[in-house]
Amino acid sequence: MAVQQLTGEELSERVSAAVPDSVVASADGVLFVEPAKIADVAGFMKSDSRLDFNFLNSISAVDYINYFEVVYHLTSMNKHHTAIVKTRLDGRDELILPSVYHLWRGADFQEREIWDLMGISFSGHPNLKRIMLWEGFDGHPLRKDYL
Amino acid sequence: MPIQTEPMTVNIGPQHPSTHGVFRLRVTFDGEDILEVEPIFGYLHRGTEKLAEERNYTQIVTLTDRLDYVSSMINNQAYCLAVEELIGVEVPQRAKYLRTLTAELQRVASHLMGIGFFLQDLGTLGTPLMYAFRLRERILDLFEMLCGARITVSYMRPGGVFFDAPDDFWPALDQFLKDFDTEYKELEQLILENEIVMVRTRGVSLLPLELAINNSVSGPSLRASGSDWDWRKMAPYDAYDRMEFDIPTATGGDNYDRFWVRIQEIHQSIRMVRQCIQQIEPGPIRADVPLVLRPEPGAEAYGRVEASKGELAFYLVSDGGISPYRCKVRSPSLMNLTTIEHLLVGWKLADMIVTLGSLDINLGEVDR
Amino acid sequence: MNCVLGPDNILHDTLLFRVIYEGVGNVLPCGLSYVVAGLAIMMLLVNGVLLGAGLFSWVERRLIGRFHNRIGPNRWGPFGSLQPLADLVKLLFKEDLTPRGADRIVFAIVPVAMLAPVVLMMAVVPFAKDTALANLNVGVLYILAVTSITSIAIFMAGWSSDNRYAMWGASRGVAILISYEVPVVMSLLGVVLVAGSMSLDDVVSAQTVPFLLVQPLAFFVFFAGTSAELNRTPFDLAEAESEIIAGYHIEYSGVKFALIQAAEFGAVLTSSAVMVTLFLSGWSGPVSNYLGWAWFLMKIGVLAFIFSWVRATFPRLRIDQLLAFAWKFLLPLSIINLFATALEVYFLRDGSGALDTTDLWIMAGINFGVAFGCLLIFGTLIKEKVRPAGPITGATLSPGEAD
């Protein structure tokens, strides 16, 4: 009973039905979502009984110079499917995303790490401090312009 | 008149014989009871993800060795799977079996180290540790025969493995398997039914299943809480779809269960090693992949394996160049540590050390 | 001028003592020569304890090495036997630090305070027939009193070090020592009842049957209690290396640390000596007039081996489990033992209060029965706690089965 990856189309239909104005696009098995609505979309994906994504594999951030992309990999242990959700944040300063800490506690250290190394802050995270580097460190090392 | 006491804040680590690496915990104690826990990481942060953006795809294999340095074969395997998904290449059969074989041997070595140090933290002063290491030394000698290195092996490459096994490897492996059963049984008899071990670890630091899943716990720690999720069965890679093995699970989620699951997984891994030896056939050991890879620009891959500590995954993004644009490591030990506050608050100092040992974290992959 | 020993003399009139006493008595007044002779024999004892501590540290390291399937020290001297000398030289050359916030005087007194009880205990232990330093008629009481000084010394070490880990180790250590004193004292009362006297010489001569057989429960309680008082595994919580690094002696270095280690290893040997005297019939054995000391040393060796063996095998108990072990298990055992022994002595003794060999064998039989009974009862009582009923784990799944 191998695990399937959900295609973007099925996901996008359900999600845009439940959370309006959230889906931007869906392509190649990836669902693109508006940044401000990411927490709502994630909440729907977790609580919906047919999607039931109860396991957060990882949250990653990629620096594409003009914009940042945050990638969520999710798994449903009961329904045996996985999904990839991405959101795009334009610009390089003042990047804020709603946190999914209250949905999956596993996001705790991952969001702190993204804040620490990439500079994207998460609103609603109870303890958004630097994790790998020390408080007082200047800059966000994993960005492309940090050399 | 009640006695006035004051809670005491102490740093456990970063230099400490039992924190499994440079790991610091800021703990507030009331006598011996733990009130608050704050983990502080970063003492071993070497910037692996940033370094990976400067090296080409084959060179990064050496970087991946040093993530979870006690189970480097499996790190290599995860990375190579991600790269192969990125460029869309199929690994030859013999390479798949060699990879499975070495990954399972590495899992045995990593669990032996985890078990040995877990018992060391309980205070046995080294006797079970030495027994476990006696077995682990044999495995590391086998690795040296295969690829020249014991710990940071760099044995696999995108497309397959680097060296084929030399002729004297197979008899040595047979000899090891023959001796393994008796020696491992000695270790099991010493520790599994020892009353002091049971009294110290049963019912201590319980991790309920819902909390474990919510905290992204994976690997033996998740299976000790009641789930049977194992990526080797759920999304088989390499030769795992042809292997027959069981998945040990436990229902309690306490320290003893996590320890027990690892002991049983060693049995299953040895079973798989025996199957690999029977099923392997001669053939090419590496697909025709250039040493300097240039994947499609915009390609992405998320390659995951069931590492000895949980789900290890590499998220690779390519921009068409010889290095990945982004190489993100999803490390199991960091995710497993999310539960640390729940597991420790309310227990005692002596339990804290034992719980850290039962989670079996490795700072190389926590800090990367 | 010949000096004569007075009737209220407490030092044993051994050959060596008499030689020194009369020899020095030719030069100095008698009172002074008494003191000098006593001091000379005391010097021998102190040196013996320290050398024994060194030797035992080597023996233990090699033994534990063999238990671990490795060699142990093997570089210095044949079989590494000069290793304690190498350790001593290393420790002598280390810098003797006192932490800045530490209480200097107390910090400096601690090594002496830890070594003193060890040496003092050896003062009353008979090595061979009529060969001990002092002939106290309250020898057992003296030993129990002197071992209590260790708890004060440990607390001094923890408090004066100005270090949280040291304080932790010290508080654990004191809690353990105080808890284990009580069962130890109760178990020795049984021995005293049977022997009819507190003097160690009398205890040895009363052991026509070794008290190990006559008082098995007392031996078990005394062994466990002494392990805890010596801070040895499975009761070595006060200096648990893997948890609080070194506990109460974390800030000691150099000669002070060497003395503390000597006190610890020496304490194992002295406690073994006391156990041999009280339970294994001391120096008696074949040809004990000439070879008494040899039997004595051999029995100490066996007990020291058992201490090392237990240390290499068992993990450590947690503090609340340790204290529960003392108060809920050892104390009731020792009280039952005392009760049974008192009844037996009352019914079996003859007119003058002495017990002969047959009586001792009868007592041995009854006490073994009592011991087995107790262990059975306690075993069933704590069984639920140690191994809860039900399968240890859930089922393992076979391939093809999921969900």
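How many residues of domain 1 of chain C are in contact with domain 2 of chain C? In this predicted model, local features need pLDDT of at least 70 and side-chain atom pairs count only at pLDDT 80 or more, while totals for chains, interfaces and linings use all residues. Residues are numbered from 1 along each chain as its sequence is written, chains are lettered from A in the order in which they are written, and side-chain values use heavy atoms, with hydrogens and water left out.

Chain C is divided into domain 1 (1–82) and domain 2 (94–381), with bounds that come from an automatic or database domain assignment. In answer to the question, 19 residues of domain 1 of chain C touch 26 residues of domain 2 of chain C, contact meaning heavy atoms within 4.5 Å. Between them the two domains of chain C bury about 2,000 Å², 79% of it on carbon and sulfur atoms; buried area here is the accessible area (1.4 Å probe) that two parts lose on being put together, summed over both. On the side of domain 1 of chain C, the residues that lose the most area to domain 2 of chain C are C:His12, C:Leu45 and C:Phe56, together 31% of what that side buries.

In chain B, B:Gln106 lies in helix α4 (residues 93–124), helices being DSSP runs (H or I, at least four residues) numbered from the N terminus. B:Gln106 counts as buried because its relative accessibility is 1%, where buried means under 20% relative accessible area (1.4 Å probe, protein chains only). Leaving aside residues up to four places away in sequence, B:Gln106 touches B:Val70, B:Ser71, B:Ser72, B:Met73, B:Ile74 and B:Phe143.

Definitions and conventions: Helix = DSSP H or I, 4+ residues; strand = E, 2+ residues; numbered from the N terminus. Buried < 20%, exposed > 50% of the residue type's maximum accessible area, 1.4 Å probe, protein only.
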